[in-house]
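Reader: Hey, can you walk me through this one? I'd like to start with any holes inside.

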Amino acid sequence: MTDLRETVEATGRILDLVRGSDVRRLVVKGVGVTIVVERSALPAAGVSEAPAEETADETATAVTAPLMGVFYQRPAPDQPPFVTVGQRVEAGEQVAIVEAMKMMNPVVAGRSGTVLRVNVADGEVVEFEQPLMELGAVG
């Protein structure tokens, strides 16, 4: 059975192959895995501003994954995390990394706020637009 990390890397290679082409839909099936690529649903690699999500705190905003990959809270294993719960962040500030195909893609806060919670464990595979952390009102 294919390792999830290998599937993420294979998906990235497929995206590189169809980028800039007229391909609208591509389906790749293997043992235990199916990869479907639809151009209209592809995220832009790199930075993504998160849409607001309704939560118990109406002012909370989710910071979401800009693409599918491996979530990292630290710039390197021996470094402190980009942010911690309770920390104030500014709009555009890098708060994490999502690795896809050995490329480190920055995750930035879409607005200023205070980190309320981190929803994902360091090193966990995340999906496109998965909520990674919640930002509360500035204060």
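**The cavity and the sheet**

Author: Arg5, Val8, Glu9, Val70, Glu99, Ala100 and Met101 line the largest cavity. A cavity here is a set of points on a 1 Å grid over the protein atoms alone where a 1.4 Å probe fits but cannot get out, and lining residues have an atom within 4 Å of a point. This is a predicted model, where local features need pLDDT of at least 70, side-chain atom pairs count only at pLDDT 80 or more, and totals for chains, interfaces and linings use all residues. Residues are numbered from 1 along each chain as its sequence is written, and side-chain values use heavy atoms, with hydrogens and water left out.

Reader: What volume does the largest cavity have?

Author: About 40 Å³. That volume is the space filled by probe spheres set on the points, with grid points joined across faces, edges and corners. Searching the whole structure turns up one cavity of 30 Å³ or more.

Reader: Which element gives the most to its lining?

Author: H1 does, with three residues. Helix H1 (4–18) and strand S6 (94–100) each supply at least two. Helices (H or I, at least four residues) and strands (E, at least two) are DSSP runs, numbered from the N terminus.

Reader: And how many of the lining residues are charged or nonpolar?

Author: Three are charged, four are nonpolar and none is polar. Nonpolar covers Ala, Val, Leu, Ile, Met, Phe, Trp, Tyr, Cys and Pro; charged covers Asp, Glu, Lys and Arg; the others, Gly among them, are polar.

Reader: New topic: in what order do the strands of the open sheet sit?

Author: S7-S6-S4-S9, four strands with antiparallel pairing. At the edges are strand S7 (103–108) and strand S9 (125–126), each pairing on one side only. Two strands pair if DSSP finds at least two bridges between them.

Reader: How many bridges does S6 make with S7, and with S4?

Author: Six with S7, and three with S4. Valine 98 has asparagine 105 in S7 as its bridge partner. Valine 70, one of the cavity-lining residues, is partnered with glutamate 99 in S6.

Reader: What about S4 and S9?

Author: Strand S4 (residues 69–72) and S9 run antiparallel, joined by two bridges. There, glycine 69 stands opposite valine 126.

Reader: Last one: where is confidence lowest, and where is it highest?

Author: Strand S2 (residues 33–38) is lowest, at a mean of 68, and strand S5 (residues 88–89) is highest, at 95. The score is pLDDT, the predictor's confidence in each residue, from 0 to 100. The protein averages 79, and 70% of the residues score at least 70.

Definitions and conventions: 1 Å grid on protein atoms, 1.4 Å probe; cavity = no way out; pocket = protein on both sides within 12 Å on 5 of 7 lines; lining within 4 Å.
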